[in-house]
Amino acid sequence: MVLISCKNCHKIYEKENYKEFTCNRCNHKVTKRVPNSFQISFALLICAMLLYIPAMIYPMMEITQLGVNVQSTILEGVISFLEMKSYFIAIVIFTASVVIPLIKLVGLFVIFISLKINIKMENKTKIIMYKFIEAIGKWSMIDIYVVAILSSIVQLDEIFNIKGGLAATSFGLMVILTMIAANKFDTRIIWDGK
Ligand SMILES: [Zn+2]
């Protein structure tokens, strides 16, 4: 007899063996390990890491004022808030758009790499890191909200217009890919090594 839990709704089943079956509570396919979970998550994470670069170096916002086009990257935005002495907003944007995505990318990368090469780290530490990364996931879209709200409020074409720049697309994609990478990852793999 083996015990196996549904990864979606956490219902526990007592089964003869680890053969696949469908959860009778949520219709989720219950497997011993999610197939190819590591490969898919790792590939998505690499894409997300690459997208972090354009998200930082290209303009997040394009502001057109009286026909004059001004573009600003995330960091330029933070600096201009600091210059306006809006320290709180500057800190919130810096944390949400620069620090949190970086923590998530590096955190997942360390967890994934530790499964392949020997890094001295407790499995419990990896699980805590993973839970933390999952929990802060929804807080990293603040910048996109700001751009989306501003551009939907201010639309006066050549007089005053705000548009999302190339970085906004990269940033949004990066956040989504990181979330899918974390979500697709079967944490039970962590315990397979040792
Ligand atoms: Zn279920």
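Helices (H or I, at least four residues) and strands (E, at least two) are here DSSP runs, numbered from the N terminus. The model on screen is predicted: local features need pLDDT of at least 70, side-chain atom pairs count only at pLDDT 80 or more, and totals for chains, interfaces and linings use all residues. Residues are numbered from 1 along each chain as its sequence is written, and side-chain values use heavy atoms, with hydrogens and water left out.

**Stop 1: Ser 37**

Select Ser 37, which sits in helix H1 (residues 37-57). Its relative accessible area is 2%, so Ser 37 is buried (buried means under 20%, exposed over 50%, partly exposed in between, with a 1.4 Å probe and protein chains only). Now show its contacts (heavy atoms within 4.5 Å). Not counting residues up to four places away in sequence, Ser 37 touches Lys 184, Phe 185, Asp 186 and Ile 189.

**Stop 2: Met 174**

Move to helix H6 (residues 166-184) and select Met 174. With a relative accessible area of 1%, Met 174 is buried. Leaving aside neighbours within four places in sequence, Met 174 is in contact with Ala 48, Leu 51, Tyr 52, Pro 101 and Leu 105.

**Stop 3: the zinc ion**

Select the zinc ion and its protein donors, the SG atoms of Cys 6, Cys 9, Cys 23 and Cys 26, at 2.2 to 2.3 Å. Donors are N, O and S atoms within 2.8 Å of the metal (3.2 Å for Na, K and Ca); water is not among the atoms, so sites may look incomplete. Along the chain the donors of the zinc ion follow the spacing C-x2-C-x13-C-x2-C. The angles among the 4 donor atoms run from 105 to 113°, and the site is tetrahedral (for four donors, all angles between 85 and 135 degrees).

Key
Tetrahedral: all angles 85-135°; square planar, octahedral: opposite > 155°, others 65-115°.
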